[in-house]
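This report describes parts of one protein chain for a reader who is new to structural terms. Please look at the strands and helices first.

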Amino acid sequence: MSEPIPFNADLSVVPEVVPFFDEATNTISYIVRDPATNACAVIDSVMDIDYAAGRITHDGADRIVAHIREQGWTLEWLIETHVHADHLSAAPYIQQQLGGKLGIGENITIVQDTFGKIFNEGTEFQRDGSQFDRLFVDGDTYQIGTMTGHVMHTPGHTPACMTHVIGNAAFVGDTLFMPDGGSARADFPGGDARTLYRSIQRVLSLPGDMRLFMCHDYGPNGRDIQWETSVADEKQHNIHVGHGTSEDEFVAMREARDATLSMPKLIIPSLQVNMRAGQMPPKDKDGKTFLKVPVNTL
């Protein structure tokens, strides 16, 4: 059985949500604004990388920074729904430009311990989540102006996955995709299909007209990219969990499907950077930065 929702959602609060689609990684980042105060948060930002060339740029993040500045908004939070394996976070870059606190789920420490070993990080790599300003636990709240953000622990894709509910909008990370996209994989270290099913049920226990915002969309069957749906639509139409799909049915489907999937093309740089809250690994004695490639490990 899924855990109960740790709060009552206030659907009378309607934040302004501004999406930014990153075509290279099929990621949607968001600015979430409090219409009463112009305070805002940025959720799941993207830093650009040309992996073959080893080159980092910030074009996507600069679009977000420019929009906030042009509107005269104040950035209070930078939220990571989880440690992404398919794109690098631009949160510290945006934080440097605009301020705000950087938050992620408390189980980042599990992810740091797991991948600290995989990438053979030394003892100087802190595995206590101290790279972030706030480690959220299930049921936590935080303020964006007059709006209250509520945090739900929704693991399964990764141990640190959190869904953030702000007024009538919920940001689900990779827990769910659009109804015709189904759900995220659960075969990364620390992932679990049964846990993912139960987390999805928590999300689907929110009010039916709750707006749901996806972290990724891949345009199944050639349709245009989409990122917003609702709890009611997911319950009715989601191809993986809709129409009353049982837990055992979901687990069998998810595990069989995951066995056919290749690793995300940016998983190696993404994990090394994102477990550090978007920071690059330390420079060597010559001032150069390197990313590691573990062989036959992932």
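Which residue in E7 is the bridge partner of Leu78? The bridge partner of Leu78 in E7 is Leu102. The model is predicted: local features need pLDDT of at least 70, side-chain atom pairs count only at pLDDT 80 or more, and totals for chains, interfaces and linings use all residues. Residues are numbered from 1 along each chain as its sequence is written, and side-chain values use heavy atoms, with hydrogens and water left out.

Helices (H or I, at least four residues) and strands (E, at least two) are DSSP runs, numbered from the N terminus. Two strands pair if DSSP finds at least two bridges between them.

| Strands | Bridges | Direction |
|---|---|---|
| E6 (residues 74–79) and E7 | 3 bridges | parallel |
| E7 and E8 (residues 134–136) | 3 bridges | parallel |

In E8, Phe136 is the bridge partner of Gly105. From E7 the chain passes through helix H3 (residues 108–118) to E8 in a right-handed β-α-β crossover; right-handed means that, with the strands pointing away from the viewer, the path from the first strand over the helix to the second runs clockwise. A right-handed β-α-β unit is also made by E6, helix H2 (residues 91–98) and E7. Of the 5 residues of strand E7 (residues 101–105), 4 are buried (under 20% relative accessible area, 1.4 Å probe, protein chains only).

Thr229 lies in strand E14 (residues 228–230). Thr229 is buried, at a relative accessible area of 8%. Leaving aside neighbours within four places in sequence, Thr229 is in contact (heavy atoms within 4.5 Å) with residues including Met178, Pro179 and Glu234.

Note on methods
Buried < 20%, exposed > 50% of the residue type's maximum accessible area, 1.4 Å probe, protein only.
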